[in-house]
Amino acid sequence: MNVRRHLKKKGLTLQVTSLLDMFTIILVFLMVSFQAEDQEFILNPGVVLPSSDAKSPLKPAVNVAVTSKAVFVDGKQVYELTEENLGEIAQGVAIKPISEAVEIVLERLQEKEDIDEGVVVVQADKETPYPTLYAVLQSASAAGLYRYRLVVEKE
């Protein structure tokens, strides 16, 4: 009887300390597991991008830039676009120097990061002719990259 009287006087209280500890652990877990969606990306100076309002995040990928004068893979010029090689481009087949450069960069990315499937990110000037872009994508697919993303400027 003594115990009942004591409980009635004091009343039941909620232990908030345990609850706060749990929320702190969840907060720390969420902060540690949060991953930023941006990727370091250097735009080639010879490219003027089209615009878009898409919000898809970038993932690690092989970067290919197509200017009016050359094709760059990971910032290095690998193929010059001249009047002489327009025939090769017009055929729409893989261009060997581009494919080889893409393969090298893909292998390097796979060693550094855990990439399941390869994606090529293409920076192409908005004035780039379709046959040139098609030949670059064919070259990337010959290197094993069948998925691509076209870089655009956010509106």
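How many bridges join E2 to E3, and do they run parallel or antiparallel? Three bridges join them, and the two strands run antiparallel. The notes below start from that part of the model.

1. Basis. This is a predicted model, in which local features need pLDDT of at least 70 and side-chain atom pairs count only at pLDDT 80 or more, while totals for chains, interfaces and linings use all residues. Residues are numbered from 1 along each chain as its sequence is written, and side-chain values use heavy atoms, with hydrogens and water left out.

2. Overall make-up. The chain has five helices and seven strands. Helices (H or I, at least four residues) and strands (E, at least two) are DSSP runs, numbered from the N terminus. Read from the N terminus, the order of elements is α-α-β-β-β-β-α-α-β-α-β-β. Of the 155 residues of the chain, 31% count as buried; buried means under 20% relative accessible area, exposed over 50%, and partly exposed in between, with a 1.4 Å probe and protein chains only. Accessible areas come from the Shrake-Rupley method with a 1.4 Å probe, and for residues only the protein chains shown count as cover.

3. Contacts along the chain. Among contacts between residues at least 6 apart in sequence, 66% join residues at least 24 apart. A contact here means heavy atoms within 4.5 Å.

4. The sheet. Five strands form an open sheet in the order E4-E3-E2-E5-E6, with mixed pairing. Two strands are taken to pair if DSSP finds at least two bridges between them. Strand E4 (76–80) and strand E6 (147–150) are the edge strands, each pairing on one side only. From one strand to the next, the twist averages 25°. Helix H5 (residues 130–142) packs on this sheet and touches strand E2 (62–66), E3, strand E5 (119–124) and E6; the direction of H5 makes about 160° with that of E5. For these angles, axes are lines fitted to C-alpha atoms, for helices over the stretch in contact, and angles run from 0 to 180 degrees between N-to-C directions.

5. Pairing in detail. Strands of a sheet pair through backbone hydrogen bonds, either parallel or antiparallel. A hairpin of three residues joins E2 to E3, and Val 66 stands opposite Val 71 in E3. Val 71 also has Tyr 79 in E4 as a bridge partner; E3 (residues 70–73) and E4 run antiparallel and are joined by four bridges. Towards E5, the pairing of E2 is parallel over five bridges, with Val 64 opposite Val 122.

6. Strand E2. Five of the five residues of E2 are buried. In a regular strand the side chains alternate between the two faces of the sheet. In E2, Val 62, Val 64 and Val 66 lie on one side and Asn 63 and Ala 65 on the other, and both faces are covered. Asn 63 counts as buried because its relative accessible area is 16%. The C-alpha atoms of Asn 63 and Arg 149 are separated by 9.6 Å, although the two residues are 86 apart along the chain.

7. Salt bridges. The structure holds two salt bridges, each defined as a side-chain nitrogen of Lys or Arg within 4 Å of a carboxyl oxygen of Asp or Glu. One joins the side chains of Arg 108 and Asp 74, at 2.2 Å from N to O. This pair links distant parts of the chain, with Arg 108 in helix H4 (residues 96–112) and Asp 74 in the loop between E3 and E4, 34 residues apart. Arg 108 is partly exposed, at 35% relative accessibility, as is Asp 74 at 34%.

8. The pair within H4. Lys 96 forms a salt bridge with Glu 100, the closest N and O atoms being 3.9 Å apart. Because they are four residues apart in helix H4, Lys 96 and Glu 100 are separated by about one helical turn. Lys 96 is exposed, with a relative accessible area of 58%, whereas Glu 100 is partly exposed at 40%.

9. A nonpolar surface patch. Val 16, Leu 19, Leu 20, Met 22, Phe 23, Ile 26, Phe 29 and Leu 30 form a nonpolar patch with about 770 Å² of accessible area together. Patches are made of residues with over 30% relative accessible area and no salt bridge, where like charges are joined within 9 Å and nonpolar side chains (Val, Leu, Ile, Met, Phe, Trp, Tyr) within 5 Å. Met 22 lies in helix H2 (residues 16–33) and is partly exposed, at 41% relative accessibility.
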